[in-house]
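This briefing sets out the computed features of one protein chain for a reader who has the sequence and coordinates at hand. Please consult the structure below alongside the points that follow.

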Amino acid sequence: MFVGHAALAFAIVGSVAVARGWPARRALTAALVAGAFATVPDVDMVYALVGVTGAVGGDALAVAGAFWSTGNVVHRAVTHSLVLAPPVAFLAALQAARPTPGRRALAFVTGASLVALVATLGGALAAFVAAVFLLGAATVGAVTGRYADLSAPQVFAIALFGLASHPFGDLFTGEPPAMLYPLDTALVTDRVVLASDPTLHLLGAFGIELATVWAAVAVTCLAMGLRPTTAVSPRATLGAGYAASVLLIPAPTLELSYPFVFSVLGVGLLGLLPRVRLVDGTVEPPDWLAAGLTGLSAITVAWAAYGAAYVFLG
């Protein structure tokens with residue numbers, strides 16, 4: 001769901017900005033900022049590098065397993081808290097505002113207080129994760145303040161939405177996030193199960209992520225007045241051939257998703273390789289928009305074809 005977090009925030013904030021009549025550039029800028037903030041909570045996976053370092057030399061599945069098993073020690077706790085999201089968004093907004101001594105001091109006090117609170121409640125490792133989380137949010141806020149035409153209150157609202165929307169996307173995969181951290185209360189105790197069959201559940205979660213990406217594409221096209229259907233090449237239908245992989249790779253589940261995910265994303269290369277055309281003896285620049293949409297369409301066709309084949313053969 002890494003991409004889905006960003007795509008969902010992008011689509012929702014972008015659609016709101018377009019509905020409010022913002023110019024395309026400003027609306028899409030706000031959407032990009034929301035998408036960036038929606039990815040920040042996953043900076044807690046930096047701790048997973050500890051496990052990857054220890055697994056170097058093993059096969060790809062061993063490295064991936066070490067990545068997740070180590071990262072899950074701290075994943076979906078401090079950085080996925082709806083309680084901590086407002087002060088973190090506030091810190092990001094301070095970084096986006098015009099710098100003054102008072103704002104710098106307030107930002108320092110806010111960040112130091114949050115790290116100290118987490119350290120008191122969760123220990124040194126949790127404090128480290130909190131510091132990385134704050135650094136990530138502050139960096140996005142500072143970049144936004146420098147390059148985006150958004151006020152500090154607007155950055156706060158966008159950052160809060162991006163940070164707070166992230167945990168809900170994780171309800172379909174793995175353990176539910178500790179949304180009320182540091183409170184010793186669980187907002188959601190069980191993962192949302194889309195199907196009793198673990199493979200169909202994974203395919204459903206993958207389909208939700210695809211839907212968020214397509215929603216982001218739709219908002220972009222709406223803001224810019226584009227018609228995406230005219231840009232998709234017939235090559236996207238070649239993704240249907242991926243149905244044969246149901247006989248070649250293990251049935252994917254949340255515990256063993258890598259062979260499916262990496263191979264189905266590879267199908268997108270069918271579209272991402274843009275056509276080279278000669279016009280009056282000169283090479284026409286590649287149409288990267290068409291290539292990207294064709295690649296996404298090929299992945300969607302491949303996902304649907306695999307799902308149909310799995311159900312039919314099952």
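The points below treat the overall fold, the cores, the charged pairs, the surface and selected local features.

The structure is a predicted model. Its chain comprises 12 helices and two strands, and 44% of its 314 residues are buried. Of the contacts with a separation of 6 or more, 74% are between residues 24 or more positions apart.

**Overall architecture**

- Read from the N terminus, the elements follow the order α-α-α-α-α-α-α-α-α-α-α-β-β-α.
- The chain exposes about 15700 Å², and carbon and sulfur atoms supply 70% of that area.

**The largest nonpolar core**

- The largest nonpolar core contains 37 residues. Those with the most contacts inside this core are Phe 37, Val 78, Val 88, Val 118, Leu 150, Ile 158 and Leu 163.
- Two or more residues of this core come from each of α1 (2–19), α2 (24–39), α5 (85–96), α6 (101–122), α7 (124–147) and α8 (152–169).
- Apart from this core lies another, of 32 residues, which includes Phe 206, Cys 221, Phe 260 and Tyr 306.
- When residues up to four places away in sequence are not counted, Ile 158 touches Val 13, Ala 30, Val 33, Ala 34 and Leu 150.

**Helix α5**

- Helix α5 has 12 residues and extends 16 Å from its first C-alpha to its last, close to the 16 Å expected at 1.5 Å a residue.
- The buried residues of α5 are Ala 85, Val 88, Ala 89, Leu 91, Ala 92, Ala 93, Leu 94 and Ala 96.
- Among the elements that cover these buried residues are α2, α6, α7 and α8.

**Salt bridges**

- Side chains of opposite charge can pair when their charged atoms come close.
- The model has two salt bridges.
- One of them joins the side chains of Asp 149 and Arg 26, with an N to O distance of 3.7 Å. Because Asp 149 lies in the loop between α7 and α8 and Arg 26 lies in helix α2, this pair ties together parts that are 123 residues apart in sequence.
- Asp 149 is exposed, at a relative accessible area of 58%, whereas Arg 26 is partly exposed, at 25%.
- In the salt bridge between Arg 76 and Asp 170, the closest N and O atoms are 3.4 Å apart. This pair links distant parts of the chain, 94 residues apart: Arg 76 is in the loop between α4 (60–71) and α5, and Asp 170 is in the loop between α8 and α9 (198–224).
- Arg 76 and Asp 170 are both buried.

**Nonpolar surface patch**

- Leu 8, Ile 12, Val 16 and Phe 161 make up a nonpolar patch on the surface, and together they have about 280 Å² of accessible area.
- Helix α1 gives the most to this patch, with three residues.
- Phe 161 belongs to helix α8 and is partly exposed, with a relative accessible area of 30%.

**Cis peptide bond**

- Tyr 181 and Pro 182 are joined by a cis peptide bond, with omega about 10°.
- Pro 182 is located in the loop between α8 and α9.

- Ile 249 lies in the loop between α9 and α10 (258–266). With a relative accessibility of 18%, Ile 249 counts as buried, because the limit for that class is under 20%.
- Beyond its neighbours within four places in sequence, Ile 249 contacts Tyr 242, Pro 259, Phe 260, Ser 263 and Tyr 306.
- Ile 249 and Phe 260 are 11 residues apart in sequence, with 7.2 Å between their C-alpha atoms.
- Leu 203 is in helix α9 and is buried, at a relative accessible area of 5%.
- Beyond its neighbours within four places in sequence, Leu 203 contacts Phe 260, Trp 303, Tyr 306 and Gly 307.
- Leu 203 and Tyr 306 are 103 residues apart along the chain, and their C-alpha atoms are separated by 8.9 Å.

How values were computed: Residues are numbered from 1 along each chain as its sequence is written. This is a predicted model: local features need pLDDT of at least 70, side-chain atom pairs count only at pLDDT 80 or more; totals for chains, interfaces and linings use all residues. Side-chain values use heavy atoms; hydrogens and water are left out. A nonpolar core is a set of buried Ala, Val, Leu, Ile, Met, Phe, Trp, Tyr and Cys residues joined through side-chain atoms within 4.5 Å. Buried means under 20% relative accessible area, exposed over 50%, partly exposed in between (1.4 Å probe, protein chains only). Helices (H or I, at least four residues) and strands (E, at least two) are DSSP runs, numbered from the N terminus. Contact means heavy atoms within 4.5 Å. A salt bridge is a side-chain nitrogen of Lys or Arg within 4 Å of a carboxyl oxygen of Asp or Glu. The expected span of a helix is 1.5 Å times one less than its number of residues. Patches are made of residues with over 30% relative accessible area and no salt bridge: like charges are joined within 9 Å, nonpolar side chains (Val, Leu, Ile, Met, Phe, Trp, Tyr) within 5 Å. Accessible areas come from the Shrake-Rupley method with a 1.4 Å probe; for residues, only the protein chains shown count as cover.
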